[in-house]
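The exercises below are meant to be worked through with the sequence and the three-dimensional view side by side. Try each task before reading the solution that follows.

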Amino acid sequence: MKIIATIALAAMLAIPALAQTGKVLDNLSVPSKVLKSDRKFAIYLPPDYASSERSYPVMYLLHGAGDDHTGWVQFGEVLHIADKAIAEGKATPMIIVMPDANTGRRGYFNDVKGDWNYEDFFFTELMPYVEKKFRIKTEKRFRAIAGLSMGGGGSFMYALHHPELFSSACPLSASTGPITLEDAKKGLIRNNPNIADSTVERYYNRHSALALIDKIPDDQKKAVRWYIDCGDDDFLYEGNSLVHIALRKKEVPHEFRVREGGHTWTYWRQSLPEVLAFVSQAFHQY
C-alpha cells in the first residue's frame with residue numbers, strides 16, 4: 001500500500017509540471033476578402049491559457065522569405081523557447097501569432113501594382129480576427145511585433161506605418177528596404193519595366209526604413225520601443241547599421257545588438273529569448 005501511495009503522490013506532484021507547457025496550433029486559417037483566399041497562420045498559447053479566463057498580450061512574429069507560418073514553429077522552436085522564458089520569469093505569458101506571407105505571393109507589403117494588398121489584409125482582417133477569436137488584450141501597450149529577415153522588414157514597416165498600434169518592435173536580421181531611391185527603382189523595374197518614377201518614389205518612401213525614419217515625425221518614431229539585432233556576418237548588416245545610425249541622429253531611443261553570426265536559424269533562436277524579455281518590459285509596465 002505504501003508503494004501505491006508513493007506512486008500516486010509522485011503522479012500528483014508531476015501533474016503541475018506537465019501542465020506548464022504552452023500549445024501551438026499551426027494549421028489555422030482566416031478568410032480574406034482582400035486576398036480572395038483563406039490565409040494560414042500559427043499561434044502559440046501560453047501554458048495557463050486553457051486553465052485561466054484572463055486575456056493576454058500579443059506578439060506578432062513574422063517569418064522570413066522561403067518559410068511560411070510554420071517557420072518559427074519548426075525551425076525557431078517557439079514553443080520550447082517561449083515556455084522556458086515564461087517558466088524562468090524572463091517573459092510574461094503572451095500569445096504569439098505567426099501569419100503566412102508565402103502563399104500566392106511572397107511578402108508583407110501591398111504590391112506596387114495594387115493587386116495584392118497583404119498589408120491591408122494584416123491590419124484589417126488578420127489582426128481583428130485573431131484578437132476577437134482568442135483572449136487578446138487589444139491596447140497598444142499589450143501588442144508587439146517582431147520578425148526575421150523579410151519578416152524583420154515587415155516589423156520595421158508595420159511599426160513605422162502604425163506606431164499607434166505597437167508598443168515594441170523587434171526586427172531581426174531585417175531586410176530594411178532599399179537604401180536609396182535608385183536602389184528602389186532597380187528592384188522594381190525588373191518586374192515592372194514601365195513603372196513611373198513617381199510610383200517608384202511613393203513605394204520607396206513607404207517601404208524603406210531609412211526613408212520612413214527620415215520623413216515621419218520624431219514623436220511617432222519614439223512611440224515605439226525598438227530592439228534591432230543583426231549578426232556581424234549577415235549580408236543585411238549594412239542596412240541595419242544605417243538604420244541604427246539614422247535613429248541615433250534623430251535621437252530615437254533604441255537597442256542595437258550585433259552578435260557573432262550570420263543569417264541563420266542558430267542566430268535567431270538565440271535572439272528570440274531576448275525579444276520575449278524586451279517586449280515583456282512594456283507588457284509589465286517597465
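**Exercise 1. The chain as a whole**

Task: Find what share of the residues of the protein chain count as buried, and describe the overall build of this predicted model.

Solution: Begin with burial, where 50% of the 286 residues of the protein chain count as buried. Next, go through the secondary structure, which comes to 11 helices and eight strands. The radius of gyration is 20 Å, close to the 19 Å that the globule rule gives for 286 residues, so the protein chain is as compact as a globular protein of that length. The C-alpha trace, taken along its principal axes, spans about 85 × 40 × 30 Å. Finally, consider the contacts with a separation of 6 or more, of which 74% are accounted for by residues 24 or more positions apart.

**Exercise 2. The nonpolar cores**

Task: Work out which residues of the largest nonpolar core touch the most other members, and which element supplies the largest share of this core.

Solution: The largest nonpolar core has 47 residues, and those touching the most other members are Tyr60, Ile95, Tyr118, Phe122, Phe134, Ile145 and Phe166. Several elements each supply at least two residues of this core, among them the strands β2 (37-45), β3 (58-62), β4 (95-99) and β7 (225-229), and the helices α8 (209-215) and α10 (237-249). The largest share, seven residues, comes from α4, a helix that covers residues 118-133. To see how one member is placed, take Tyr118 and leave aside its neighbours within four places in sequence: Tyr118 is then in contact with Leu35, Arg39, Pro99, Asp100, Ala101, Gly107, Tyr108, Phe109, Asn110 and Tyr158. A second, separate core has 30 residues, including Met59, Ala146, Val275 and Phe283. As background to this exercise, nonpolar side chains tend to be buried together in soluble globular proteins.

**Exercise 3. The largest pocket and Arg106**

Task: Describe the lining of the largest pocket, stating which residues lie nearest its centre, and then decide whether Arg106 is buried or exposed.

Solution: The largest pocket has a volume of about 870 Å³. Its lining is made up of 28 residues, and Arg106, Phe109, Gly187, Leu188 and Tyr203 lie nearest the centre. Sorted by class, the lining has 11 nonpolar, 10 polar and seven charged residues. The helices α5 (150-161), α6 (181-189) and α7 (197-207) each supply at least two of the lining residues, and the largest share, five residues, comes from α6.

Now turn to Arg106, which is placed in the loop between β4 and α4. Its relative accessibility is 52%, and because the cut-off for exposed is over 50%, Arg106 counts as exposed. Not counting residues up to four places away in sequence, Arg106 touches Ala65, Gly66, Ala101 and Met150.

**Exercise 4. Ser271 and Lys137**

Solution: Ser271 lies in helix α11, which covers residues 265-283. Apart from residues up to four places away in sequence, Ser271 touches Leu172, Asp229 and Arg259. Lys137 is placed in the loop between α4 and β5 (143-148). Once its neighbours within four places in sequence are left aside, Lys137 is in contact with Ser55, Tyr56, Pro57 and Phe142.

Terms used
Residues numbered from 1 in each chain as written. Predicted model: local features only at pLDDT ≥ 70, side-chain atom pairs only at ≥ 80, totals over all residues. Heavy atoms only, no water. 1 Å grid on protein atoms, 1.4 Å probe; cavity = no way out; pocket = protein on both sides within 12 Å on 5 of 7 lines; lining within 4 Å. Points joined across faces, edges and corners; volume = space filled by probe spheres on them. Helix = DSSP H or I, 4+ residues; strand = E, 2+ residues; numbered from the N terminus. Nonpolar A, V, L, I, M, F, W, Y, C, P; charged D, E, K, R; others polar. Core = buried A, V, L, I, M, F, W, Y, C linked by side-chain atoms within 4.5 Å. Buried < 20%, exposed > 50% of the residue type's maximum accessible area, 1.4 Å probe, protein only. Contact = heavy atoms within 4.5 Å. Rg over C-alpha atoms; globule rule 2.2 N^0.38 Å.
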